[in-house]
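Open the model in your viewer and keep the selection tool handy. We will walk through it stop by stop.

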Amino acid sequence: MSSAIALDRLEVIFDRFRALNGVSLDVQPGESFGLVGESGSGKSTLLRAIAGLAPVASGNITVNGKTLGTRRDKAFYREVQMVFQDPYGSLHPRQTVDRLLQEPLAIHGFADGEKRIERALDEVGLGNGFRFRYAHQLSGGQRQRVAIARALILEPSILLLDEPTSALDASVQAEVLNLLEEVRRRRKLTFLMVSHDLAIITHMCERLMVMQGGEAVENLAAGDLVERRVTKDYTRNLLRASDGFVRV
Amino acid sequence: MSTLLEVEDLRVTFPTRTGLIEAVRGVSFSLGRERLGIVGESGSGKSQTGRAIMGLTPPQARISAKRLAFDGIDLLSISPRERRALRGNRIAMILQDPKYSLDPVMSIGRQIVETLRTHEKVGKAEARERALAMLEAVQIRDPRRVFDLHPHEVSGGMGQRAMIAMMLIAGPEMMIADEPTSALDVTVQLDVLGILDRLVSERGMGLIFISHDLRLVSSFCDRVIVMYAGKVVEQLKASELSQAQHPYTRGLLNCMPKIGADRHPLPVLDRKPEWAA
């Protein structure tokens, strides 16, 4: 069976800055894969490169067995959708939720838009009452739900999640994480999820990759992290940091 | 333990188009030379509490309190001039994001010197020396280089250290830190907290640490106040956090994913209207 996402020695260069330096990765269909690292480690760049939002200098990206060129076609976006970190920045401020959700449907020429919007809103636990509201009338958690609904409305098989809960309060974060797990189970989705929080990644993902300075530090199963079977000092540091402050 | 700050029945009210909004509704606590954490979610009034103490509440808002006193000085009745003399000198505040709270067109060194010379009569050369020493105290390796840099030229962790240096240079007795490490990476976060911890205990300062992260606060502070909807719902010793009584505190602790805890789905917070009553 071919991988859902396979990266082969991917390089991304912005002007002269090398943001990703030969990263390879393999995500199986239906798997939930995590990327952790500090800011500047290239974890978000990796997601953006897959989505076609970062300049790939060399290397290959293969999605569901198809190697991607520099341009992404419509069929690609039916398969792969992305949820961004900041729910305040990723929804159009002057469009209602209804209009926001219609956009992808119009682009891809779906006829049964009405039904799909209702279903998508229902699926993320918002209900029809939210349909004609603007983003500023929603809370952070509700906005992120709309962003997830927008990603799901085309019924993709792969979701790219870029710190989907880091802008949310802890209690809202739990709700959104539960929602993501539920839609993944129901739709058998593949997740590629970025977070700086090891606890979230071990909760959500089966395997993960630790990144630093645009390179892969190590690949681990979530269970290795739980039992602290890590080989690199950098990962150990991250683990220690996630335990909280210790007075010396 | 001497009491540094007394807050009794603090209220902060904002007028809006749809009526008055009470952001802080009757908060009372006192602070000695200790580390006190204030924890709550967005909108719980934790930041407005800190800002009211510092005197940074927007002018349209109304503040009232039975007592709001720092070292016996009634903060609500003194003149703006007297308040300015306190601010930065005896009470300091660290804000969340150094990117937005440092002056972008002034070098880091000049900003630190400015704080010092506002509050103390010192010569230029001496001020520079003291600023450099302070930068060293916050573990900036090359203080001379950083002194001349502008905020956009340094990383978040470095900027936050510079801000701590700026806040400590006048030797305040009380410090309010409003989410001082939320904009930083986890590993950098611990470095900055370590510096803050050392300086606070060496100088015997009182610290109010405002944060949304209950676990971080409990590992750092001596005492924790939990706020919900503008009120204090629970006060407890940080070491006794696991025995928290209030369902909100317990729910907040419970809903965070933990490494090694296999809970699917995560427990969510079931908000009760009576918590806000």
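The tour begins with the ground rules and then moves from a sheet to its helices and on to the chain contact.

This is a predicted model, in which local features need pLDDT of at least 70 and side-chain atom pairs count only at pLDDT 80 or more, while totals for chains, interfaces and linings use all residues. Residues are numbered from 1 along each chain as its sequence is written, with chains lettered from A and ligands numbered from 1 in the order in which they are written.

**Stop 1: the sheet.** Select the six strands of chain A that form an open sheet in the order β6-β7-β8-β3-β9-β10, with mixed pairing. Strands here are DSSP runs of E of at least two residues, and helices are runs of H or I of at least four, numbered from the N terminus; two strands pair if DSSP finds at least two bridges between them. β6 (80-83) and β10 (215-221) of chain A are at the edges with a single partner strand each, so one side of each has no neighbour in the sheet. From one strand to the next, the twist averages 20°. Now zoom in on β6(A) and β7(A) (residues 158-162), which run parallel and are joined by four bridges. Val83(A) has Leu161(A) as its bridge partner in β7(A).

**Stop 2: helix α1.** Among the buried residues are Lys43(A), Thr45(A) and Arg48(A).

**Stop 3: two helices side by side.** Select α3 (residues 97-107) and α5 (residues 140-152) of chain A, whose axes come within 9 Å and cross at roughly 25°. That makes α3(A) roughly parallel to α5(A), a label for angles under 35 degrees. Axes are lines fitted to C-alpha atoms over the stretch in contact, and angles run from 0 to 180 degrees between N-to-C directions. The contact (C-beta atoms, placed from the backbone, within 7 Å) includes Leu100(A) and Pro104(A) of α3(A) and Val146(A) of α5(A).

**Stop 4: the partner chain.** How many residues of chain A are in contact with chain B? Color them and you will find 26, in contact with 28 residues of chain B. The largest share of the chain A side, seven residues, comes from α6(A).

Methods: Parallel < 35°, antiparallel > 145°, perpendicular 65-115°, else oblique. Contact = placed C-beta atoms within 7 Å. Buried ≥ 20, exposed ≤ 12 C-beta atoms within 10 Å, placed from the backbone.
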